[in-house]
Amino acid sequence: MTKPFQIRDIEINPPLILSPMAGVTDISFRRLLKRRGGIGLTVSEFISVEGLTRNNPKSKRQMRFFEEERPYAVQIFGGQPARMAMAAQMAEEIGADILDINCGCPAPKVVKHGGGSGLLKDYPRLETILKEVRKAIKIPMTVKIRAGFYDHTINAVETALLAEACGAEHIALHGRTKEQGYKGLANWDLVRQIKEVVKVPVSGSGDVTTIEGAFARWRETNCDGILIGRGAMANPWIFRQIEDTIAGREVFQPTLEDKQAVLLEYFEMLREDMPELPAIGRMKQLAGQFTRGLQGGALFRTSIYHSHSVAEILDRIAEYFSAISEGRPYYGEAGAPVEEEAPVLDSCEAATATS
Ligand SMILES: Cc1cc2nc3c(=O)[nH]c(=O)nc-3n(C[C@H](O)[C@H](O)[C@H](O)COP(=O)(O)O)c2cc1C
């Protein structure tokens with residue numbers, strides 16, 4: 001039942017996609033996760049077409065990727081058709097395999113300009129954008145949509161049909177409305193409904209955090225692919241574990257050494273990619289995610305949050321893992337307030353709040 005699928009001639013194998021997450025799935029995070037195995041497609045963070053087409057260095061940096069990530073999609077957002085088309089061409093020029101259009105971000109500053117989930121309530125604009133982008137590039141164009149804008153205007157099936165008619169070659173649905181934000185659960189029945197009416201491949205997104213969850217969603221919806229976002233922050237091996245299950249292999253279980261190694265590898269990649277201060281900032285946001293559920297994980301996150309240098313972060317990681325691997329309790333950094341922790345990034349809104 002679960003098999004690779006194709007976006008035009010690009011094979012997505014295994015049929016698992018690292019869901020785009022602004023402020024998270026940058027070049028280092030994607031590389032880190034791709035190396036763990038099981039990812040059939042990586043997607044950039046959403047990138048502003050206003051930034052890209054005005055030569056904003058941050059936007060251009062966000063398009064970069066490593067060859068080892070392929071197949072790789074660049075996701076763009078915006079509300080102006082001409083700028084969307086120009087940005088799509090830029091993504092094609094840098095060698096992206098696929099161009100994805102964000103029709104789901106709920107952040108007010110994105111919606112205000114007609115982009116993101118704003119497109120779900122402005123079909124004429126959506127249609128023009130899709131047609132202009134389709135004309136401008138040769139690589140496949142795909143869309144990532146939400147269930148609808150308001151809870152009482154659910155129109156995912158109509159949006160999917162419109163997107164297909166305008167040339168979209170893959171439809172990914174995050175089954176929450178813009179009004180819902182990240183509350184409640186994603187409606188996967190809409191994925192099933194879309195799959196029934198379009199010919200292009202369809203993937204679903206939302207709340208998949210376990211192997212069983214992924215298989216249940218495939219069974220219930222008959223969808224082609226599954227996107228995993230937050231679940232991959234908590235468990236970078238989730239794709240590999242699902243792939244192991246598809247292949248009938250024993251499921252890989254990371255050891256404590258693997259978990260420590262992933263943290264160190266991530267920190268090294270960040271430091272290669274950016275100056276020390278932002279690398280430390282990123283580490284504060286994400287390091288703790290990888291240790292969710294581990295004994296003393298909350299104290300570890302606090303101690304990382306209170307670190308101010310590379311050396312301090314490396315010391316805290318070493319102390320924490322040596323304590324838990326020897327079965328000693330971890331008390332964290334002496335005197336550090338326990339209640340203060342880096343906020344968990346939980347939406348594209350959070351990521352756009354400061355940019
Ligand atoms: C921090 C964060 C940032 C996100 N940024 C994007 C984005 O840039 N583009 C996008 O299409 N979806 C974005 N999303 C939505 C996710 O791709 C995904 O559809 C959603 O989180 C539900 O899936 P999950 O439960 O597997 O995380 C973001 C989600 C989070 C948590």
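Helix α1, spanning residues 27–36, is mostly covered, with nine of its 10 residues buried (under 20% relative accessible area, 1.4 Å probe, protein chains only). The model is predicted: local features need pLDDT of at least 70 and side-chain atom pairs pLDDT 80 or more, while totals for chains, interfaces and linings use all residues. Residues are numbered from 1 along each chain as its sequence is written, and side-chain values use heavy atoms, without hydrogens and water.

**Helix α1**
- Helices here are DSSP runs of H or I with at least four residues, numbered from the N terminus.
- The buried residues of α1 are I27, S28, F29, R30, R31, L32, L33, K34 and R36.

**Ligand shell**
- Of the 19 residues around the ligand (a heavy atom within 4 Å), S19, P20, S205, D207 and R230 come nearest.
- The shell divides into seven nonpolar, eight polar and four charged residues, with Gly counted as polar and Pro as nonpolar.
- Domain 1 (5–247) and domain 2 (256–353) both give residues to this shell, so the ligand lies between them; the bounds come from an automatic or database domain assignment.

**Contacts and cover**
- Polar contacts are pairs of N or O atoms within 3.5 Å.
- A backbone N or O atom of P20 lies 2.7 Å from a ligand oxygen atom.
- In the side chain of Q75, an N or O atom is 2.8 Å from a nitrogen atom of the ligand.
- R230 places a polar side-chain atom 2.8 Å from an oxygen atom of the ligand.
- The ligand taken alone exposes 600 Å², of which the protein buries 98% (Shrake-Rupley method, 1.4 Å probe).

Note on methods. Buried < 20%, exposed > 50% of the residue type's maximum accessible area, 1.4 Å probe, protein only. Helix = DSSP H or I, 4+ residues; strand = E, 2+ residues; numbered from the N terminus. Polar contact = N/O pair within 3.5 Å; in protein donor to acceptor, adjacent residues only side chain to side chain.
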